[in-house]
Amino acid sequence: MRRSPPRRSHYAIEVRPEIDNSRVSLLGWVHEVRDLGGIKFILLRDVSGICQVTIKKENLPTETLQRLEDLGAEDVVHVEGTVKNQPKARLGVEVVGEKIEILSRASRPLPYDVTGKVPAGLDTRLDYRVLDLRNPENNAIFKIADTVLAAAREFFRMNNFIEVRTPRIIATATEGGAALFEVKYFDSKAYLAQSPQLYKEELVTVFERVFEIGPFFRAEESHTRRHVSEFTSIDIEAAFLDLYGVMEILEKLIVHIHKRVVEERKKELEILNVDLNIPELPFPRYAYDDMLKELENYGMELAWGEDFGTEHLRILGEKHRGYYFITHFPTKSKPFYIQPCEDNPEISESFDLMYSWLELASGGTRISDRKLLEKRLLEQGLNVKYFEHHLKVYDYGMPIHAGWGLGFERLLMVLTNKNNIREVILFPRDKFRLVP
Ligand code: AMO
C-alpha cells in the first residue's frame, strides 16, 4: 500500500515572527543548502516563497545524518521543527528543524542553477524551463498572469459579457493568408485559427456581448521579441457599439487589471522590481494621420496607407510613454471586416492600443452590411465563396457591432517590465522552438 503524503501545516511565507515557538511541518524544495560545521542551513522553497531552516546535526539520529550529508539543490523535503525568531536570518525568523525527510532526490549536478547566481541566457533558460520557472523572479510573472486572467473575467462579467469558445480548427483565413498554419484534417486540409474573428462577430447576433480568452496561432516568419507562433488573445465583440464604445471598454479593462495586480500581487511586483501605477483615464487618442505628421517632424517619411514598421513605432514610443490609442487607419491597411468611414471610405473605423512602441490590441467597428462586406472581400482579393457561411449570418439580422483583440502576453510584458515575449510564456513557440 502506498504511504499517504506528509501533511503541511504552513507555507514558507507563513513562517513569520508572529508564530514564534509554533511547531510547523513544511514541504518543499531545497533552494540552497550550506554546511557550517555542526549546522545545516537550508533555504526551503515552496510555491509561496522561501524560508530558512537550520538543523543542528547533534540533534539528529546517525541514520538521518548520513542521508543529509549529500542533501542538494532541488531535493524535495519534509521538515518538522519549531519557529524561532532569529534576527540574523532573512525575514528575522527561522525554523529549527528537528526532523527532516528526503521525499525525492534531484540529480547531481543539475544542468541549471535555479537560484540565478549563475546567469544564463534566455535560450538556455527556456531549454530548462521547468527549472527556470522555479526561480522566484520567473514564477512571479505567472502569478501576475493568473491575476490578470481572473481580473479580465471578473471585468467582463461585470459588463455583461458572456464567455465563449470558438473553434481552433478552421477552414478559412481571417487575418491574412501568409501567417497561416496548415493542418492535415482527415482527407482534406484545414488551418489553425489566427483569431476568433468571424465567430465572435456571428455570436453577437445571439449573445450581444461575448468575450473569449484562448490560444491562437500565427506562422510568424519574423523572429522578433514581440511575436510568437502561439499566443493568447483576449477578444471581445459587442452589438450596438462602435469603435469608441469598445475603446472605452478596453481602457477600463486595462485600469481594472492594473488595480487588481497592484492589490493582489504586491510581493511579486516587488520581486520583479516593478513599480506599477494605475493609468489615468481616458487614454490619449491620436489619429493615424497625426502620427504620420509626428514622424515627419522627426524626419521619418512614411507613405500614407503604409503600416508603421518597428523603426516608426520606436520613434512614436519615445514620445508616448504609456498607453495611447491610434485611430482611423487607412482602410487598405486593415482586414476586410473593418468598417470604412462613411464620409471618407479611404479611412476606417479602426484603432490600435499602444504602450509606448508596443502594439497591444487592435479593433474597430465592423462592417454589418452584407453587400459592403462582399465588396471588401473582393477588394482584398479574397474568394467570396469561402466566406458564404459567414455571409449568410448577415441575412439573419446583423446589428452594428465592434470589438477588439488584446494580446495577453504583450500586456504581461508591460505589467512585468519584460522586453521579450518569451519571458512571459511558460513554453513559448516560435520558428526555432517547438520543445520543451
Ligand atoms: P491582430 O492581428 O492585430 O488583430 O491581433 C490582435 C493582438 O494580438 C496580439 N498578437 C500577437 N502576439 C504575439 N505574437 C503574435 N504573433 C501576435 N499576433 C497578434 C497583438 C495584437 O495587437 N481579429 C483582430 C482583432 C480584432 O479586430 O478584434 C486581430 O487578430 O497584441
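Mentor: Start with a cut-off: a residue counts as exposed when its relative accessible area is over 50%, as buried when that area is under 20%, and as partly exposed in between. Keep in mind that this is a predicted model.

Trainee: Fine. Is Asn160 buried or exposed, then?
Mentor: Asn160 has 60% relative accessibility, so it counts as exposed. Asn160 sits in the loop between helix 4 (136–158) and strand 6 (162–163).

Trainee: What is the phi of Asn160?
Mentor: Its phi is near 65 degrees, which is positive, and Asn160 is not a glycine. Most residues other than glycine have a negative phi.

Trainee: And Glu208, where is that one found?
Mentor: Glu208 is in the loop between helix 5 and strand 10 (209–217). Glu208 also has a positive phi, about 65 degrees, without being a glycine. Its relative accessible area is 44%, so Glu208 is partly exposed.

Trainee: New topic, the ligand. How many residues surround the ligand?
Mentor: There are 23, and the closest are Gln197, Lys200, Glu359, Ser362 and Arg366. By class, the shell holds 7 nonpolar, 7 polar and 9 charged residues.

Trainee: Which element gives the largest share of that shell?
Mentor: Strand 15 does, with 5 residues. At least two shell residues each come from helix 5 (197–207), strand 11 (230–239), strand 15 (358–365) and strand 16 (401–407).

Trainee: What does Lys200 do there, in terms of distance?
Mentor: One of its polar side-chain atoms is 2.7 Å from an oxygen atom of the ligand. A polar backbone atom of Val228 lies 2.9 Å from a nitrogen atom of the ligand. For Gly405, a backbone N or O atom is 3.2 Å from a ligand oxygen atom.

Trainee: How much of the ligand's accessible area does the protein cover?
Mentor: On its own the ligand has 630 Å² of accessible area, and the protein covers 92% of that.

Trainee: Now the inside. Which residues touch the most other members of the largest nonpolar core?
Mentor: Phe156, Phe308, Trp404 and Leu406, in a core of 73 residues.

Trainee: Take Phe308. What is it in contact with, leaving aside neighbours within four places in sequence?
Mentor: Tyr288, Met291, Leu292, Leu295, Leu302, Leu313, Leu316, Ile326 and Phe329. There is also a second, separate core of 21 residues, and its members include Val30, Ile55, Val77 and Val79.

Trainee: Where is His328?
Mentor: His328 is in the loop between strand 13 (323–327) and strand 14 (350–355). The side chains of His328 and Thr327 make a polar contact at 2.9 Å. Beyond four places in sequence, the contacts of His328 include Leu243, Tyr244, Tyr288 and Cys341.

Trainee: Last one. Which peptide bond at Pro282 is cis?
Mentor: The one from Leu281 to Pro282, with omega near -10 degrees. Pro282 lies in the loop between helix 7 (266–271) and strand 12 (285–287). Another cis bond joins Val435 and Pro436, where omega is about -5 degrees. Pro436 belongs to the segment after helix 12 (408–416).

Trainee: Why point those out?
Mentor: Because most peptide bonds are trans.

Definitions and conventions. Residues are numbered from 1 along each chain as its sequence is written. This is a predicted model: local features need pLDDT of at least 70, side-chain atom pairs count only at pLDDT 80 or more; totals for chains, interfaces and linings use all residues. Side-chain values use heavy atoms; hydrogens and water are left out. A residue is near a molecule or strand if one of its heavy atoms lies within 4 Å of it. A polar contact is a pair of N or O atoms within 3.5 Å; within protein, one must be able to donate a hydrogen and the other to accept it, and residues adjacent in sequence count only if both atoms are side-chain atoms. Accessible areas come from the Shrake-Rupley method with a 1.4 Å probe; for residues, only the protein chains shown count as cover. Helices (H or I, at least four residues) and strands (E, at least two) are DSSP runs, numbered from the N terminus. Ala, Val, Leu, Ile, Met, Phe, Trp, Tyr, Cys and Pro count as nonpolar, Asp, Glu, Lys and Arg as charged, and the others, Gly among them, as polar. A nonpolar core is a set of buried Ala, Val, Leu, Ile, Met, Phe, Trp, Tyr and Cys residues joined through side-chain atoms within 4.5 Å. Buried means under 20% relative accessible area, exposed over 50%, partly exposed in between (1.4 Å probe, protein chains only). Contact means heavy atoms within 4.5 Å.
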